[in-house]
Amino acid sequence: MGIEGVNSRIASIQSRIIALQTQKTEPTTTPGQQTTPAGGAGGGDFASYLSQAVSQTPGSGRTYSLDAKGIPTELTAYGNGKIPATALEQVGDTRHKLWAPAAEKLTQMIADAKKDGVTIGITDSYRPYAEQVDLAKRKGLYSQGGLAAKPGTSEHGWGMATDLDLNSKALSWVRQNADKYGFYNTASRESWHWGFKPEKVPGLVTS
Ligand SMILES: [Zn+2]
(Lines give C-alpha, C1' and ligand atoms only; values in the text may rest on other atoms or scores of the structure.)
Protein backbone atom coordinates (compact mmCIF):
# COMPACT_ATOMS: atom_id res chain seq x y z
CA MET A 1 0.00 0.00 0.00
CA GLY A 2 1.48 3.39 -1.06
CA ILE A 3 1.31 6.54 1.04
CA GLU A 4 -1.85 7.64 -0.75
CA GLY A 5 -3.53 4.37 0.12
CA VAL A 6 -2.55 4.80 3.79
CA ASN A 7 -3.88 8.36 3.85
CA SER A 8 -7.19 7.37 2.34
CA ARG A 9 -7.51 4.49 4.83
CA ILE A 10 -6.88 6.95 7.72
CA ALA A 11 -9.48 9.36 6.33
CA SER A 12 -12.03 6.57 6.09
CA ILE A 13 -11.36 5.46 9.69
CA GLN A 14 -11.64 9.07 10.91
CA SER A 15 -14.97 9.57 9.19
CA ARG A 16 -16.28 6.33 10.75
CA ILE A 17 -15.18 7.53 14.22
CA ILE A 18 -16.91 10.87 13.67
CA ALA A 19 -20.07 9.07 12.51
CA LEU A 20 -20.04 6.87 15.62
CA GLN A 21 -19.48 9.84 17.94
CA THR A 22 -22.31 11.73 16.30
CA GLN A 23 -24.64 8.76 16.78
CA LYS A 24 -23.71 8.58 20.44
CA THR A 25 -24.44 12.23 21.20
CA GLU A 26 -27.69 12.48 19.24
CA PRO A 27 -30.78 12.13 21.40
CA THR A 28 -32.40 8.80 20.69
CA THR A 29 -35.77 9.52 22.25
CA THR A 30 -38.44 12.06 21.42
CA PRO A 31 -39.32 14.88 23.88
CA GLY A 32 -42.55 13.05 24.78
CA GLN A 33 -40.55 10.19 26.24
CA GLN A 34 -38.46 12.27 28.61
CA THR A 35 -40.64 11.54 31.61
CA THR A 36 -39.50 7.90 31.54
CA PRO A 37 -37.13 7.48 34.48
CA ALA A 38 -33.63 6.28 33.63
CA GLY A 39 -34.19 3.08 35.57
CA GLY A 40 -37.37 2.37 33.70
CA ALA A 41 -35.77 2.46 30.29
CA GLY A 42 -35.41 -1.33 30.33
CA GLY A 43 -31.61 -1.29 30.47
CA GLY A 44 -31.43 1.04 27.49
CA ASP A 45 -28.41 3.06 26.52
CA PHE A 46 -27.63 4.92 29.75
CA ALA A 47 -24.90 7.03 28.13
CA SER A 48 -27.30 8.36 25.53
CA TYR A 49 -29.97 9.02 28.17
CA LEU A 50 -27.40 10.89 30.26
CA SER A 51 -26.08 13.03 27.42
CA GLN A 52 -29.65 13.87 26.46
CA ALA A 53 -30.50 14.84 30.02
CA VAL A 54 -27.40 17.01 30.39
CA SER A 55 -28.05 18.78 27.08
CA GLN A 56 -31.39 19.98 28.45
CA THR A 57 -30.04 22.33 31.08
CA PRO A 58 -33.23 23.25 32.98
CA GLY A 59 -33.71 20.77 35.79
CA SER A 60 -31.28 18.41 34.07
CA GLY A 61 -33.95 16.82 31.89
CA ARG A 62 -36.84 17.22 34.36
CA THR A 63 -40.14 18.16 32.82
CA TYR A 64 -42.95 20.12 34.47
CA SER A 65 -46.69 20.38 34.16
CA LEU A 66 -48.51 23.73 34.06
CA ASP A 67 -51.95 24.66 35.32
CA ALA A 68 -54.56 26.44 33.17
CA LYS A 69 -52.90 29.80 33.88
CA GLY A 70 -49.45 28.56 32.82
CA ILE A 71 -48.10 28.29 36.38
CA PRO A 72 -45.97 25.21 37.18
CA THR A 73 -48.17 22.91 39.27
CA GLU A 74 -45.34 22.37 41.77
CA LEU A 75 -45.61 26.10 42.66
CA THR A 76 -49.39 26.55 42.76
CA ALA A 77 -49.62 24.58 46.01
CA TYR A 78 -47.56 27.26 47.79
CA GLY A 79 -49.40 30.26 46.41
CA ASN A 80 -48.22 33.46 44.77
CA GLY A 81 -45.62 35.26 46.88
CA LYS A 82 -45.55 32.40 49.41
CA ILE A 83 -42.96 30.15 47.87
CA PRO A 84 -40.30 28.94 50.32
CA ALA A 85 -36.70 29.83 49.51
CA THR A 86 -35.89 26.13 49.22
CA ALA A 87 -38.28 25.81 46.27
CA LEU A 88 -36.44 28.56 44.41
CA GLU A 89 -32.97 28.70 42.90
CA GLN A 90 -30.31 31.38 42.98
CA VAL A 91 -29.55 33.23 39.72
CA GLY A 92 -25.82 32.74 39.15
CA ASP A 93 -23.90 34.28 42.06
CA THR A 94 -26.45 37.06 42.63
CA ARG A 95 -28.75 37.52 45.65
CA HIS A 96 -31.74 36.93 43.33
CA LYS A 97 -33.92 33.84 43.22
CA LEU A 98 -36.37 32.44 40.69
CA TRP A 99 -38.17 29.18 39.95
CA ALA A 100 -35.27 26.80 39.17
CA PRO A 101 -35.64 26.50 35.36
CA ALA A 102 -36.06 30.29 35.08
CA ALA A 103 -32.99 30.85 37.28
CA GLU A 104 -30.92 28.52 35.13
CA LYS A 105 -32.04 30.10 31.86
CA LEU A 106 -31.44 33.62 33.17
CA THR A 107 -27.98 32.66 34.43
CA GLN A 108 -27.22 31.28 30.97
CA MET A 109 -28.59 34.39 29.24
CA ILE A 110 -26.46 36.73 31.39
CA ALA A 111 -23.34 34.63 30.68
CA ASP A 112 -24.01 34.58 26.92
CA ALA A 113 -24.61 38.34 26.88
CA LYS A 114 -21.31 38.84 28.69
CA LYS A 115 -19.54 36.90 25.90
CA ASP A 116 -21.01 39.51 23.51
CA GLY A 117 -19.67 42.32 25.72
CA VAL A 118 -23.13 43.10 27.09
CA THR A 119 -23.82 43.54 30.81
CA ILE A 120 -27.22 42.51 32.16
CA GLY A 121 -27.94 43.47 35.76
CA ILE A 122 -30.86 42.28 37.90
CA THR A 123 -32.99 44.74 39.86
CA ASP A 124 -35.62 42.34 41.13
CA SER A 125 -36.71 38.72 40.83
CA TYR A 126 -38.92 36.63 43.17
CA ARG A 127 -41.16 38.99 45.11
CA PRO A 128 -42.89 37.84 48.33
CA TYR A 129 -46.54 38.80 48.89
CA ALA A 130 -45.76 41.51 51.47
CA GLU A 131 -43.42 43.24 49.03
CA GLN A 132 -46.11 43.08 46.33
CA VAL A 133 -48.51 44.86 48.71
CA ASP A 134 -45.89 47.50 49.49
CA LEU A 135 -45.05 48.02 45.81
CA ALA A 136 -48.73 48.42 44.86
CA LYS A 137 -49.06 51.15 47.52
CA ARG A 138 -45.98 52.99 46.28
CA LYS A 139 -46.30 52.54 42.49
CA GLY A 140 -50.02 52.04 41.92
CA LEU A 141 -51.75 49.21 40.11
CA TYR A 142 -50.72 48.52 36.53
CA SER A 143 -54.40 48.29 35.56
CA GLN A 144 -54.84 51.87 36.82
CA GLY A 145 -51.81 53.28 35.02
CA GLY A 146 -49.32 52.38 37.75
CA LEU A 147 -46.46 49.90 37.69
CA ALA A 148 -47.45 47.18 40.15
CA ALA A 149 -49.49 44.02 39.69
CA LYS A 150 -52.45 43.34 41.97
CA PRO A 151 -50.86 41.64 45.02
CA GLY A 152 -51.09 37.88 44.66
CA THR A 153 -51.10 37.99 40.85
CA SER A 154 -47.56 39.19 40.07
CA GLU A 155 -45.38 37.00 37.86
CA HIS A 156 -42.65 37.90 40.37
CA GLY A 157 -44.72 36.15 43.05
CA TRP A 158 -44.24 32.86 41.21
CA GLY A 159 -40.50 33.37 40.73
CA MET A 160 -41.31 33.57 37.04
CA ALA A 161 -40.24 37.14 36.22
CA THR A 162 -37.22 39.34 36.57
CA ASP A 163 -36.65 43.08 36.32
CA LEU A 164 -33.42 43.72 34.48
CA ASP A 165 -31.01 46.62 34.74
CA LEU A 166 -30.26 47.35 31.08
CA ASN A 167 -28.43 50.13 29.28
CA SER A 168 -29.54 50.77 25.70
CA LYS A 169 -27.08 48.25 24.24
CA ALA A 170 -28.18 45.59 26.72
CA LEU A 171 -31.86 46.33 26.10
CA SER A 172 -31.47 45.78 22.38
CA TRP A 173 -29.47 42.56 23.02
CA VAL A 174 -32.17 41.27 25.37
CA ARG A 175 -34.96 42.20 22.94
CA GLN A 176 -33.18 40.20 20.25
CA ASN A 177 -32.21 37.17 22.32
CA ALA A 178 -34.39 36.72 25.42
CA ASP A 179 -36.90 34.40 23.71
CA LYS A 180 -34.10 31.86 23.17
CA TYR A 181 -34.04 31.53 26.97
CA GLY A 182 -37.82 31.59 27.44
CA PHE A 183 -38.02 35.23 28.59
CA TYR A 184 -40.56 37.67 27.15
CA ASN A 185 -41.33 41.33 27.83
CA THR A 186 -44.73 40.66 29.38
CA ALA A 187 -45.53 44.21 30.55
CA SER A 188 -45.58 46.60 27.62
CA ARG A 189 -44.97 49.73 29.73
CA GLU A 190 -42.00 48.14 31.52
CA SER A 191 -39.05 47.47 29.20
CA TRP A 192 -37.19 46.01 32.21
CA HIS A 193 -39.80 43.36 33.06
CA TRP A 194 -39.16 39.91 31.57
CA GLY A 195 -41.48 37.01 32.31
CA PHE A 196 -40.47 33.38 31.94
CA LYS A 197 -42.67 31.23 29.68
CA PRO A 198 -41.84 27.57 30.36
CA GLU A 199 -44.16 26.38 27.59
CA LYS A 200 -41.91 28.15 25.06
CA VAL A 201 -38.77 26.32 26.19
CA PRO A 202 -38.36 23.10 24.18
CA GLY A 203 -38.59 19.95 26.31
CA LEU A 204 -39.45 21.70 29.59
CA VAL A 205 -43.17 21.11 29.82
CA THR A 206 -45.01 17.79 29.68
CA SER A 207 -47.97 17.84 27.37
ZN1 LIG B 1 -41.29 43.30 37.03
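Predicted model: local features only at pLDDT ≥ 70, side-chain atom pairs only at ≥ 80, totals over all residues.
Local features are reported at pLDDT of at least 70 and side-chain atom pairs at pLDDT 80 or more, whereas totals for chains, interfaces and linings use all residues. Residues are numbered from 1 along each chain as its sequence is written, and side-chain values use heavy atoms, with hydrogens and water left out.

The protein chain contains 6 helices and 6 strands; these are DSSP runs numbered from the N terminus, with helices (H or I) of at least four residues and strands (E) of at least two. Their pattern along the sequence is α-α-α-β-β-α-β-α-β-α-β-β. Of the 207 residues in the protein chain, 35% are buried, where buried means under 20% relative accessible area, exposed over 50% and partly exposed in between, for a 1.4 Å probe and protein chains only. Among contacts (heavy atoms within 4.5 Å) with a separation of 6 or more, 60% are between residues 24 or more positions apart.

Four of the strands form an open sheet in the order β3-β4-β6-β5, with antiparallel pairing. Strands β3 (121-124) and β5 (183-184) stand at the edges with a single partner strand each, so one side of each has no neighbour in the sheet. Two strands are taken as paired if DSSP finds at least two bridges between them. Strand β4 (residues 161-165) and strand β6 (residues 193-196) are joined by 3 bridges in the antiparallel sense. Within this pairing, Ala 161 has Gly 195 of β6 as its bridge partner.

The zinc ion has three protein donors, His 156 (NE2), Asp 163 (OD) and His 193 (ND1), at 2.0 to 2.1 Å. Donors are N, O and S atoms within 2.8 Å of the metal (3.2 Å for Na, K and Ca), and sites may look incomplete because water is not among the atoms. The spacing of the donor residues in sequence is H-x6-D-x29-H. His 156, in the loop between α5 (129-139) and β4, and His 193, in strand β6, are 37 residues apart and link distant parts of the chain. Both histidines are buried, His 156 at 2% relative accessibility and His 193 at 7%.

Arg 127 lies in the loop between β3 and α5 and is buried at 8% relative accessibility. Its side chain makes a polar contact of 3.1 Å with that of Asp 163. A polar contact is a pair of N or O atoms within 3.5 Å; within protein, one must be able to donate a hydrogen and the other to accept it, and residues adjacent in sequence count only if both atoms are side-chain atoms. Beyond its neighbours within four places in sequence, the contacts of Arg 127 include His 156 and Asp 163.

The structure holds 3 aromatic pairs. Rings of Phe, Tyr and Trp (its six-membered ring) pair if their centres lie within 6.5 Å; planes under 30 degrees apart count as stacked, over 60 as edge-to-face and the rest as tilted. The ring centres of Tyr 64 and Trp 99 are 4.9 Å apart and the planes are at 70 degrees, so this pair is edge-to-face. Tyr 64 is buried at 6%, and Trp 99 is buried at 0%. Tyr 64, Trp 99, Phe 183 and Phe 196 form one aromatic cluster.
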